[in-house]
Amino acid sequence: MKCMSIIPVVLLSVCVLGASGCDKKKETAAKGTPTPTQTASEADWCAEHGVPESICTRCNSKLIAEFKQKGDWCKEHNLPESQCIECNPDLKEKFEAMKSKTGK
Ligand SMILES: [Zn+2]
Ligand SMILES: [Zn+2]
């Protein structure tokens, strides 16, 4: 009975490590479509909200409909589920990693 509490913690950390392996998608910058207002992907970071600017629903409310359509929406926190750190604390690490990659 003593050891029981350790097991879920170990499983959880294994899951987190395993999940981070799947995130190694190459960020494909859409080249060939030069946008004068936005300078490629390195500027794609909303420091205010801690997510990439291109998916920041708080800066770009037009995105909300898209996320809702995909079913990726947390009504409780008014955020896409995939950005809702309150519901998915693991996302914080993910976005931190993205930030250190993009933000200089
Ligand atoms: Zn923002
Ligand atoms: Zn939420």
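Select V51 first: with 24 other C-beta atoms within 10 Å, V51 is buried. What is open in the viewer is a predicted model, and V51 sits in its loop between α1 and α2.

Keep V51 selected and show its surroundings. Which residues does V51 touch, leaving aside those up to four places away in sequence? They are C46, C56, Q83 and F95. E96 lies 45 residues from V51 in sequence, yet the C-alpha to C-alpha distance is 8.7 Å.

**The whole chain**

Zoom out and colour by secondary structure. The protein has three helices and zero strands, and the order along the sequence is α-α-α. Of the 104 residues, 8% are buried; V51 is one that counts as buried, because 24 other C-beta atoms lie within 10 Å and 20 or more are required. Among contacts with a separation of 6 or more, 25% join residues 24 or more positions apart.

**Confidence**

The average over the protein is 77, and 57% of the residues score at least 70. Where is confidence lowest, and where is it highest? The lowest mean, 60, belongs to helix α1 (residues 6–21), and the highest, 98, to helix α2 (residues 62–70). Next select residues 21–30, where the pLDDT is below 50. Beyond near neighbours in sequence, that stretch has four contacts in the model. Then select residues 33–40, another run with pLDDT under 50. For residues 33–40 the model has two contacts beyond four places in sequence.

**The loop between α1 and α2**

Go to A47, which is placed in the loop between α1 and α2. Is A47 buried or exposed? A47 counts as exposed, because it has 9 C-beta neighbours inside 10 Å. Select K99 as well and draw a line between the two C-alpha atoms. A47 and K99 are 52 residues apart along the chain, and their C-alpha atoms are separated by 8.5 Å.

**Helix α3**

Move to M98, in helix α3 (residues 90–102). M98 has 17 other C-beta atoms within 10 Å, so it is partly exposed.

**The loop between α2 and α3**

The last stop is N78, found in the loop between α2 and α3. Check its backbone torsions: phi is positive, about 60°, although N78 is not a glycine. Most residues other than glycine have a negative phi. Why is N78 classed as exposed? N78 is exposed because 11 other C-beta atoms lie within 10 Å, and the cut-off for exposed is 12 or fewer.

**Selections to keep**

- V51 with C46, C56, Q83 and F95, which it touches.
- A47 and K99, with C-alpha atoms separated by 8.5 Å.
- N78, for its positive phi.

Conventions: Residues numbered from 1 in each chain as written. Chains lettered and ligands numbered in written order. Predicted model: local features only at pLDDT ≥ 70, side-chain atom pairs only at ≥ 80, totals over all residues. Helix = DSSP H or I, 4+ residues; strand = E, 2+ residues; numbered from the N terminus. Contact = placed C-beta atoms within 7 Å. pLDDT = per-residue confidence, 0-100.
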